[in-house]
Amino acid sequence: MQAPAAAERNKGPILAVLRQYAGCGPGELRVLEVGAGAGLHAAHFAQALPHTRWQPSDIDPRALRSIAAYAEAMQVPNVLPPILLDVSQGWETWGGTQPASLDLLVSINMMHIAELACTKPYAVDGRISPQSNVDFDRSLRQSNPAWGLRDIALLRNLAEANGLHLERMVDMPANNKSLIFRKL
């Protein structure tokens with residue numbers, strides 16, 4: 001099992017935001033986590049939200065093994081076996097998961113390391129702050145020119161073009177943000 005320190009640090013604040021959108025309504029809530037990474041979040045959130053059916057996914061086979069190990073070690077029965085999912089491909093390749101069958105889609109720490117065509121901290125109105133985020137953006141773009149912090153205005157426009165509305169932006173620890181999009 002992989003144990004990323006950042007995932008451990010931010011699981012509480014992210015869970016606080018998720019609780020507001022994955023409340024204890026009637027019936028089971030179907031969640032797809034895109035880019036679940038090590039699986040710590042999937043297991044932690046599913047354990048804290050037992051009324052969810054949590055479908056973790058990742059493009060990296062090592063991550064899929066780690067996700068399965070976390071779910072088994074934490075004995076979380078509502079975490080489904082992880083699926084290989086490449087967000088640059090159509091939903092038809094998503095291991096049988098159809099968008100209309102989902103109640104919630106979660107993506108954590110992925111936007112800055114994914115190509116924009118697939119689309120942590122964000123640029124707000126073209127400005128990146130504080131300096132640590134400016135440095136982070138520069139290092140991402142040096143690693144891969146398609147990576148980098150995304151401007152929220154751009155994400156809002158992309159979302160609206162795809163039937164989503166930016167409902168809320170939540171400030172998180174370490175200059176991160178949670179963006180909550182809802183179907184129009």
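Which residues have the most contacts inside the largest nonpolar core? In this predicted model, local features need pLDDT of at least 70 and side-chain atom pairs count only at pLDDT 80 or more, while totals for chains, interfaces and linings use all residues. Residues are numbered from 1 along each chain as its sequence is written, and side-chain values use heavy atoms, with hydrogens and water left out.

The answer is L18, F45, W54, L104 and V106, within a core of 26 residues. A nonpolar core here is a set of buried Ala, Val, Leu, Ile, Met, Phe, Trp, Tyr and Cys residues joined through side-chain atoms within 4.5 Å; buried means under 20% relative accessible area (1.4 Å probe, protein chains only). At least two residues of this core come from each of α1 (5–21), β1 (29–34), α2 (40–48), α3 (61–73) and β4 (104–107). Helices (H or I, at least four residues) and strands (E, at least two) are DSSP runs, numbered from the N terminus. Another core, of six residues, lies apart from it and includes V34, L85, W94 and L102.

Turning to the sheet, four strands form an open arrangement in the order β3-β2-β1-β4, with parallel pairing; strands pair if DSSP finds at least two bridges between them. Because β3 (83–84) and β4 stand at the edges with a single partner strand each, one side of each is left without a neighbour in the sheet. Strand β2 (residues 52–58) joins β3 in the parallel sense over two bridges, and D58 stands opposite L84 in β3.

Contacts (heavy atoms within 4.5 Å) also link the helices: in α1, residues including L18 and R19 meet L40, H41, H44, F45 and A48 in α2.

Conventions. Buried means under 20% relative accessible area, exposed over 50%, partly exposed in between (1.4 Å probe, protein chains only).
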